[in-house]
Amino acid sequence: MFRKILIANRGEIALRIIQACRELGIPTVAVYATADRDSLHVTYADEEVCIGPPPSGQSYLNISALVSAAEITGADAIHPGYGFLAENAHFAEVLAECNLAWIGPPPEVIRRMGDKAAARRTAVEAGVPVLPGSGEPLASLSEARQLAAGVGFPVILKAAAGGGGRGMRIVRSEAELDKSFETASHEALKAFGDGSIYLEKYLEEPRHIEFQVFGDSHGNVIHLGERECSIQRRHQKIIEEAPSPALTPELREKMGEASVRLCQHVGYQNAGTIEYLLDHDGSFYFMEMNTRIQVEHPVTEMVTGVDLVKLQIAIAAGERLTIPSGLRHRGHAIECRINAEDPRTFAPSPGRLTTFHLPGGPGVRVDTHGYEDYVVPPHYDSLVAKLIAHGNDREEAIARMKRALDFFVIEGIRTIIPLHREILRDPVFRSGRFSTRFMEGFQGRRAAEAKDQ
Ligand code: ADP
């Protein structure tokens, strides 16, 4: 096992990794930018190193500062969390050269599955269905037209270098394609420094379903079931649950088996997530793979009882997976992302938490780096807490989540707690029959309700 683990991250995930290390009896090193000096991950780690000023390019993304911090403190492994350098193959290679263990998959696997075109090719090789589309970046408008004619409208244009739900454009006709192609490519170049565009079939009302997978260094691969991630705003998840209300045991087995096959095909190691779009008729299509721990991993932990972060560490240290694939799940879990944003306009709302009172009680878990008087800095993402509720079934999980949202008191900044409360009351959400377009319908219902009052 490792002597000491350095956590190359901040916020709630840094704290989550410290919790896992503490249980394993492994000392930790926190790194922090000056804006995070008063953060809980700095307080709770055994040692801390300041790695630079607030901009992440000069701190949390600064590879040489991170390697120096590990060397100074004698850490022998690095956990990257999610975001920042978590899917950076070059970082994983540098660590290997410096004799530091990387708590994640091998760099060549990150590279292969991190590149959308290569990942899609790999899925095809492994016999996992993908959406009809270009697969490779489009060379010209005429190529786009030809392909769209074959695939059939609507189609979606995606920036090859896009991510986090940005750089996508839905196209419903050939005339629209003529207009959108150049603009999309131009916008991609401006936003991501790469103008390459893909085209694929656009599914009108799919569900976003993802599978949690794990591989060890001995060739064993398992899946730990799915997460339902269709409740999104601007293609960004805000509520996740496990299991998905849409999957039958047969479909779960089929998708789980496809996920394991894909991982075996690439020699996957450590934690990963395979994202699919699921259509009405039960067809599912590989979308992408995330080669790291996900924000929404707690819902899987709640229904499986497996500590995914401890498992990541054990596997990186060479241990064998002993958990059976598709392990029996217990009950239902829901996660609400509590972002520091205005619940109506979604404008960021950083600042001091003048009151920060956490809910508790049966089946409730809060992953947060917040505390009373903590100042949410404006430099990073807006996630201040993840509220997770577990129940014997979906109904009980929803009731517990509603109660926990009511008892979660945050003052000094605005958060999207009021939005979550409304979603949890919404009849479509409660029915479990929704798609990734949920928010559009919900906002319409909300506007109609406001007019009636
Ligand atoms: P990113 O890498 O930016 O997260 P993804 O490819 O994972 O982008 O897609 C994010 C979301 O966009 C999906 O969850 C889904 O809601 C929507 N989406 C992406 N591709 C399609 C498609 N072909 N048809 C319908 N919706 C799509």
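The questions and answers below concern a predicted model, its domains, its ligand site and some backbone features.

Q: Which domains does the domain assignment give for the protein?
A: The model is a predicted one. The assignment places domain 1 at residues 5-103 and domain 2 at 132-201. The remaining entry in that assignment is domain 3, at 207-452.

Q: What distance separates the centres of domain 1 and domain 3, and how many residues does each bring to the contact?
A: Taken over C-alpha atoms, the two centres are separated by 24 Å. Contact here means heavy atoms within 4.5 Å. On that basis, domain 1 contributes 32 residues and domain 3 contributes 29 residues.

Q: How much area do domain 1 and domain 3 bury between them, and which residues of domain 1 lose the most?
A: The size of an interface is often given as the accessible area lost when the parts come together. For domain 1 and domain 3 this is about 2300 Å², with 60% of it on carbon and sulfur atoms. On the domain 1 side, 27% of the buried area comes from the three residues that lose the most to domain 3: Glu12, Arg16 and Tyr82.

Q: How many salt bridges are counted between domain 1 and domain 3, and what is the N to O distance between aspartate 307 and arginine 16?
A: The count between the two domains is five salt bridges. Arginine 16, one of the residues that lose the most area to domain 3, pairs through its side chain with that of aspartate 307. The N to O distance in this salt bridge is 2.8 Å.

Q: How many residue pairs are in polar contact between domain 1 and domain 3, and which helix gives the largest share of the domain 1 side?
A: Eleven residue pairs are in polar contact between these domains.

Q: How many residues apart are lysine 386 and glutamate 12, which meet in a salt bridge?
A: The whole structure holds 37 salt bridges. In the one between lysine 386 and glutamate 12, the side chains meet at 2.9 Å, N to O. Lysine 386 sits in strand β19 (residues 383-391) and glutamate 12 in helix α1, so distant parts of the chain are linked, and the separation is 374 residues.

Q: Which residue has a polar side-chain atom 3.1 Å from an oxygen atom of the ligand?
A: There are 22 residues around the ligand, and those that come nearest are Gly165, Glu200, Lys201, His208 and Gln232. Glutamine 232 has a side-chain N or O atom 2.8 Å from a ligand oxygen, while a polar backbone atom of leucine 203 is 3.0 Å from a ligand nitrogen. The residue at 3.1 Å is glutamate 288.

Q: In which loop does proline 243 lie?
A: The peptide bond from alanine 242 to proline 243 is cis, with omega near -5 degrees. A cis bond, with omega near -5 degrees, also leads from phenylalanine 153 to proline 154, and proline 154 lies between α7 (141-151) and β6 (155-163). Proline 243 is in the loop between β11 (236-242) and α9 (249-266).

Notes: Residues are numbered from 1 along each chain as its sequence is written. This is a predicted model: local features need pLDDT of at least 70, side-chain atom pairs count only at pLDDT 80 or more; totals for chains, interfaces and linings use all residues. Side-chain values use heavy atoms; hydrogens and water are left out. Domain bounds come from an automatic or database domain assignment. Buried area is the accessible area (1.4 Å probe) that two parts lose on being put together, summed over both. A salt bridge is a side-chain nitrogen of Lys or Arg within 4 Å of a carboxyl oxygen of Asp or Glu. A polar contact is a pair of N or O atoms within 3.5 Å; within protein, one must be able to donate a hydrogen and the other to accept it, and residues adjacent in sequence count only if both atoms are side-chain atoms. A residue is near a molecule or strand if one of its heavy atoms lies within 4 Å of it. Helices (H or I, at least four residues) and strands (E, at least two) are DSSP runs, numbered from the N terminus.
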